[in-house]
Amino acid sequence: MAVSESDVVAAAVELPSGAGFVRCALQVNPHHYGESYRGSPIDGNPESFAAELVNRASELQISVFAVTDHNSVRDVDSFRAAAQGTDITVLPGFEVESTDGIHVLCIYDTDTDTAQLERYLGKLGILKPEPSREPCGSDFARILSTVSSQGGIAIAAHATGAKGLFQALQKSARARAWKNEKLLAIQIPASIDDLDEGERSIIRNEVPEYARGYKAGQRQAIAVVNAKDVAGSDDLDDERATTLIKFAGRPSVEGLRQAFLDPDSRIRLNSDDTPEEHSELVALTWIGGFLDGGAIHFNPNLNVFIGGRGAGKSTVVESIRYVLDLEPAGDLARSAHQDIVRHVLRSGTKVSLLLRSLHPAERHYRIERTVPNPPIVRDAEGQVSHLRPRDVLPSVEVFGQHEISELTRSASKLTGLLRRFVRADIDLDTRRAKILRDLQTSRQSLLNTDTDLASIDERLAELPHLEETLERFQEAGLEERLGEQSLLVRESRIVDSIPERLQSLRDALTMLRQELPLDRTFLSARALAGLPGGPILDRTNAVFQELSDALESAAQRIEDALKQADERIAVVASEWSEHKSGIDERYEAILRELQKSAVDGEEFIRLRRSIENLRPLEERRSGLMRLRTEAHQRRRNLLDEWENLKAGQFRDLSRAAKEVNEKLRGYVKVEVMAAGDRSPLAELLRDEVGGRLTESIRQLEAEDDLSLPGFVSHCRGGAAELAKHYGFTPGQAENLAGAGESTFLKIEELELAPTTRLFLNTSGDQKIESWQSLDQLSKGQKATAVLLLLLLDSDAPLIIDQPEDDLDNRFISEVIVSKMRENKQRRQFVFSTHNANIPVLGDAELIVGLDAKGDAELEDATGQAFIRPEHMGSIDTPSVRSLVEEILEGGKDAFERRRRKYGF
């Protein structure tokens with residue numbers, strides 16, 4: 001039976017997703033502790049006491065108990081028995097006091113039996129493992145060394161207390177103990193900020209004599225945990241009793257060791273700020289193609305794919321891009337993406353992506369895409385949605401191999417990266433579109449008006465000639481003899497204009513009829529159902545009904561009035577027609593008499609008729625001039641609004657640049673140039689003006705502060721003005737000045753996008769500034785600057801295929817990894833890589849190993865990639881750690897040889 005798509009995705013969610021925070025109580029005491037050390041006996045027995053603590057821990061979502069009685073392990077098994085069948089992991093251990101007066105928690109793996117633990121106690125000098133406060137026979141340094149050799153982990157207990165490291169030792173002895181490489185963690189009572197200044201400075205590695213293998217002041221030198229003594233179930237409620245520690249899979253001592261080696265990434269106190277939730281990819285599956293049957297359960301933080309060449313890492317990245325229907329940023333990236341879809345994913349392959357979107361509210365979606373069809377978005381119930389992938393995950397970014405390098409060659413695309421830091425204005429696109437639409441309408445209106453005016457002026461230019469000719473006829477006495485017919489011409493014009501004057505009223509009536517009766521669907525019972533203000537809004541129904549009735553009545557009255565007017569005008573027209581007939585008869589008689597004397601009376605009447613027909617054009621011209629003035633004013637207002645919108649966008653971008661400069665202080669600097677992209681202007685001039693414009697365009701592109709309104713004003717001012725302000729040759733200036741008003745209006749409507757310049761501090765030291773612009777940098781340095789920008793705050797996933805291919809290797813470990821670690825708690829990263837620094841120094845929460853057999857691009861499609869569950873986990877997962885050593889380091893032997901050659 002075929003497996004359904006939802007079953008495949010559900011199965012993917014059950015796969016390992018790497019490391020996640022669990023709440024750990026690292027100093028849990030047994031039943032006798034209250035009576036032995038606090039003088040407060042507790043009812044029950046060791047078994048019931050352990051069961052009570054386990055039950056309370058389950059309620060509080062505490063997942064790890066480290067049982068650490070003083071000098072004894074006799075009650076460990078009570079906790080093991082109580083935890084069976086629960087999600088709580090019991091790590092057995094004990095607490096001892098060194099000969100130099102320091103308390104130490106010693107913790108071992110969950111499968112270490114009691115007899116072995118007692119032998120470990122014996123190695124430390126506790127020959128009789130019974131609860132007591134007696135010091136053991138080893139000093140602090142020996143305890144650390146011995147516990148490490150036994151496979152355990154040691155924590156300096158209540159380090160700031162009376163029996164803690166800071167008070168038990170002084171001066172050089174304390175510094176030596178603090179710098180012991182076996183000391184990985186200390187216990188403090190609350191947060192680091194609550195400690196006194198001296199202790200706080202030592203923990204933060206700010207005191208040179210206490211520096212622990214890192215440059216002083218660079219990073220926290222040691223792991224700190226809260227592990228207040230738990231002697232009863234109420235103690236578990238105290239946030240100082242537990243610490244959040246990140247593990248992959250079942251908590252273990254190796255997991256603790258990895259956490260203590262990387263506390264910035266893997267340890268969080270309850271008093272620390274909780275990272276904000278972010279949208280994330282949850283699971284990805286394939287049916288068919290090179291990755292047939294493959295599935296990945298993503299971690300919310302840093303995910304890294306590793307594997308040999310041809311193992312399918314790029315296919316995973318391009319599958320994410322494909323299912324999300326994202327367009328590659330560059331031509332090379334587009335070609336590579338299409339090749340992978342065509343030859344590796346292959347036709348018929350179905351890619352499914354489960355994701356969690358937080359905006360505007362938390363929801364899960366499943367996006368499915370079968371090659372070569374468009375993607376389908378399903379909601380949490382599996383129903384097909386009208387939403388598109390970019391609607392449910394709008395800011396996600398995917399970059400293929402070398403695509404970041406392609407980005408560095410486009411100033412406009414760099415500006416697009418900067419826009420990620422501009423607060424979204426959901427109305428901006430609507431406002432921009434409306435202004436541009438109104439500007440285009442105003443342009444067309446002005447051009448049409450100018451065309452009409454030009455036509456009228458052309459016709460009115462005949463008027464003086466016609467009037468002069470008329471005067472000659474008048475001198476011949478024709479005005480007197482044909483005066484009646486001459487006046488009839490004017491009357492005819494009046495009669496012809498009567499229907500024209502009523503037509504606008506008929507048009508208005510037609511429009512009113514189209515709106516009646518008024519639509520009240522939006523106020524129907526169905527539309528208002530469930531609205532708290534529904535009963536109030538329902539009263540509008542009556543208002544709309546009364547208004548509709550009143551308008552219907554008014555429309556009928558207007559229609560009746562127009563009908564009556566038509567009837568009465570028809571009577572007038574009939575009477576005037578009889579009047580005209582009489583005048584025409586007399587006119588014909590006069591014409592016959594004039595013909596006898598070789599005088600053309602008909603020409604005189606035609607002349608009079610032509611003049612009368614031109615007279616209304618003067619009135620029409622006057623109206624058009626008023627309209628033109630009003631249109632120009634409207635356009636001035638629109639242009640002001642357009643320039644203000646563009647200026648506002650630039651100010652937002654400038655603020656974003658300042659924000660980026662602050663976050664990347666000492667690494668990357670951003671400068672934004674207003675109207676820096678002159679290509680729309682160059683393209684328009686080539687299309688509209690033509691001719692030899694190369695030098696003119698080059699000069700305009702070189703202008704530091706080019707103003708489009710200013711440029712248009714100079715164009716209208718003529719060639720001399722253009723030559724003066726821009727240094728154009730006379731020929732170039734004449735060419736541009738003669739472009740015409742249509743071109744000038746189009747230039748006013750252009751949007752010259754801001755451009756962005758990036759500068760990288762190539763000194764490698766934040767405090768020593770050596771800034772170089774992108775065009776001065778190597779390919780690797782360019783990509784480094786861009787990637788630092790990409791790694792900054794966002795709530796959407798960032799997916800990159802082998803970023804190290806384009807990066808300066810020195811910057812990967814010194815800068816990139818640092819920023820990656822800083823931001824991975826606030827957003828999801830998905831990388832494929834061959835560089836060990838990214839998953840290891842970046843402390844990837846999920847490392848996924850891929851391997852393959854055959855060739856992905858063979859025509860018989862025999863190639864197959866594999867993503868095995870045992871190769872999914874974090875660096876504290878033994879099988880994953882071995883894979884990292886083998887694939888990224890070349891195996892232990894190769895790593896050891898390099899270490900010896902380097903002299904480390």
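Where is Asp795 found? The legends below take up this residue and then other parts of the predicted model.

**Figure 1. Asp795 and its contacts.** Asp795 sits in the loop that runs between α31 (779–790) and β20 (798–801). Leaving aside residues up to four places away in sequence, Asp795 touches His278, Ser279, His359 and Arg826. One of these, Arg826, is 31 residues away from Asp795 along the chain, yet the C-alpha atoms of the two are separated by 6.7 Å.

Figure 2. Gln828 belongs to the loop between α32 (809–823) and β21 (829–832). Is Gln828 buried or exposed? Gln828 has a relative accessible area of 0%, so this residue counts as buried. Its side chain reaches the backbone nitrogen of Leu281 at 2.7 Å. A polar atom of the Gln828 side chain also lies 2.7 Å from the backbone oxygen of Asn299. Not counting residues up to four places away in sequence, the residues that Gln828 touches include His278, Glu280, Leu281, Phe298, Asn299 and Pro300. Ala796, Pro797 and Leu798 are also among them.

Figure 3. The largest nonpolar core has 55 residues, and within it Phe65 and Ile186 have the most contacts. Helix α3 (residues 46–59) supplies the largest share of this core, namely five residues. Another core, of 51 residues, lies apart from it and includes Ile306, Leu653, Phe811 and Met820. Which residues does Ile186 touch, not counting residues up to four places away in sequence? They are Ile155, Ala156, Ala159, Phe166, Trp178, Ile203, Ile222, Ala223, Val224 and Val225.

**Figure 4. The buried residues of helix α6.** Helix α6 covers residues 140–149, and Phe140, Ile143, Leu144, Thr146 and Val147 in it are buried. An α-helix has 3.6 residues a turn, so residues three or four places apart point the same way. Just after α6 comes Gly151, which takes a positive phi of about 85°.

**Figure 5. The second largest pocket.** This pocket holds about 1,800 Å³ of space. Its lining consists of 50 residues, and those nearest the centre are Pro394, Ser395, Arg419, Arg420 and Val422. Which element gives the most to the lining of the second largest pocket? Helix α24 does, with seven residues. At least two residues each come from α14 (389–392), β16 (397–399), α15 (403–407), α16 (411–418), α17 (428–460) and α24 (601–663). Sorted by class, the lining has 19 nonpolar, ten polar and 21 charged residues.

**Figure 6. Positive phi at Gln61 and Asn71.** Gln61 has a phi near 60°, a positive value in a residue other than glycine. Asn71, also not a glycine, has a positive phi near 60°. Gln61 lies in the loop between α3 and β2 (62–70), while Asn71 is in the loop between β2 and α4 (76–83). Gln61 is exposed, because its relative accessible area of 65% is over 50%. Asn71 is buried, because its relative accessible area of 2% is under 20%.

**Figure 7. Two cis peptide bonds.** Val371 and Pro372 are joined by a cis peptide bond with an omega of about 5°. Pro372 is placed in the loop between β14 (363–370) and β15 (376–378). Leu516 and Pro517 are likewise joined by a cis peptide bond, with an omega of about -10°. The loop that holds Pro517 runs between α20 (483–515) and α21 (525–528).

**Figure 8. The chain as background to the close-ups.** How many helices and strands does the chain have? It has 35 helices and 23 strands. Of its 904 residues, 48% count as buried. Among contacts in the chain with a separation of 6 or more, 72% are between residues 24 or more positions apart.

Terms used: Residues numbered from 1 in each chain as written. Predicted model: local features only at pLDDT ≥ 70, side-chain atom pairs only at ≥ 80, totals over all residues. Heavy atoms only, no water. Helix = DSSP H or I, 4+ residues; strand = E, 2+ residues; numbered from the N terminus. Buried < 20%, exposed > 50% of the residue type's maximum accessible area, 1.4 Å probe, protein only. Polar contact = N/O pair within 3.5 Å; in protein donor to acceptor, adjacent residues only side chain to side chain. Contact = heavy atoms within 4.5 Å. Core = buried A, V, L, I, M, F, W, Y, C linked by side-chain atoms within 4.5 Å. 1 Å grid on protein atoms, 1.4 Å probe; cavity = no way out; pocket = protein on both sides within 12 Å on 5 of 7 lines; lining within 4 Å. Points joined across faces, edges and corners; volume = space filled by probe spheres on them. Nonpolar A, V, L, I, M, F, W, Y, C, P; charged D, E, K, R; others polar.
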